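Trainee: I've got a protein on my screen and I'd like to learn how to read it. Can we walk through it together?

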Amino acid sequence: MRKAIITLVIFTYIFGIFCIGSCYAANTTGEIIPEETKSKLVEIKDNELKSLEDYKETYGSSTYGLVAYILNKVRIYSIPFGILGIAISAIYQYVIGIRHLEAHYKGFNTMIAVITLLVICQVLPLVFAIIVKGWRG
């Protein structure tokens, strides 16, 4: 069995080397990053800079605009991390926690913490906008 696994790993490495070589040979210009990828990256950068400038214009200050832009990015990216945290804590609570009571409590406490952080990350941009736009004048 060990010989079969070792042979499979060796063939996988050899196959990988040939695939990398053929992929590099397909790029005839010798560039590491093709031009269409460079243009796409420049387009993404320009869109993000425009979005940042829109936030600065909306809030009337570069500091407030930058904070609002960062809070919006935190709000967007907190959703997948929150779902992942809830899934991991549910595994601790319901799967591992069936046999070990400590793991059950650890999963429950972790789930409460993850949900709390998720709610804070979702509500914080709204609170910031209300305070800056409403009370600042």
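Trainee: Is Lys38 buried, partly exposed or exposed?

Mentor: Before that, this is a predicted model, where local features need pLDDT of at least 70, side-chain atom pairs count only at pLDDT 80 or more, and totals for chains, interfaces and linings use all residues. Residues are numbered from 1 along each chain as its sequence is written, and side-chain values use heavy atoms, leaving out hydrogens and water. Buried means under 20% relative accessible area, exposed over 50%, and partly exposed in between (1.4 Å probe, protein chains only). Lys38 has 36% relative accessibility, so it counts as partly exposed.

Trainee: Which residue forms a salt bridge with Lys38?

Mentor: Here's the general idea: side chains of opposite charge can pair when their charged atoms come close. For a salt bridge, a side-chain nitrogen of Lys or Arg must be within 4 Å of a carboxyl oxygen of Asp or Glu. The partner of Lys38 is Glu35, with the closest N and O atoms 3.8 Å apart. Glu35 is partly exposed too, at 48%. Helices here are DSSP runs (H or I, at least four residues), numbered from the N terminus.

Trainee: How many salt bridges are there in the whole structure?

Mentor: Four. Another one joins Glu48 and Lys73, at 3.2 Å from N to O. That pair links distant parts of the chain, with Glu48 in helix α2 and Lys73 in helix α3, 25 residues apart.

Trainee: And what is the distance between the closest N and O atoms of Lys50 and Asp54?

Mentor: It's 3.4 Å in that salt bridge. Lys50 is exposed at 52%, whereas Asp54 is partly exposed at 35%.

Definitions and conventions:
Helices (H or I, at least four residues) and strands (E, at least two) are DSSP runs, numbered from the N terminus.
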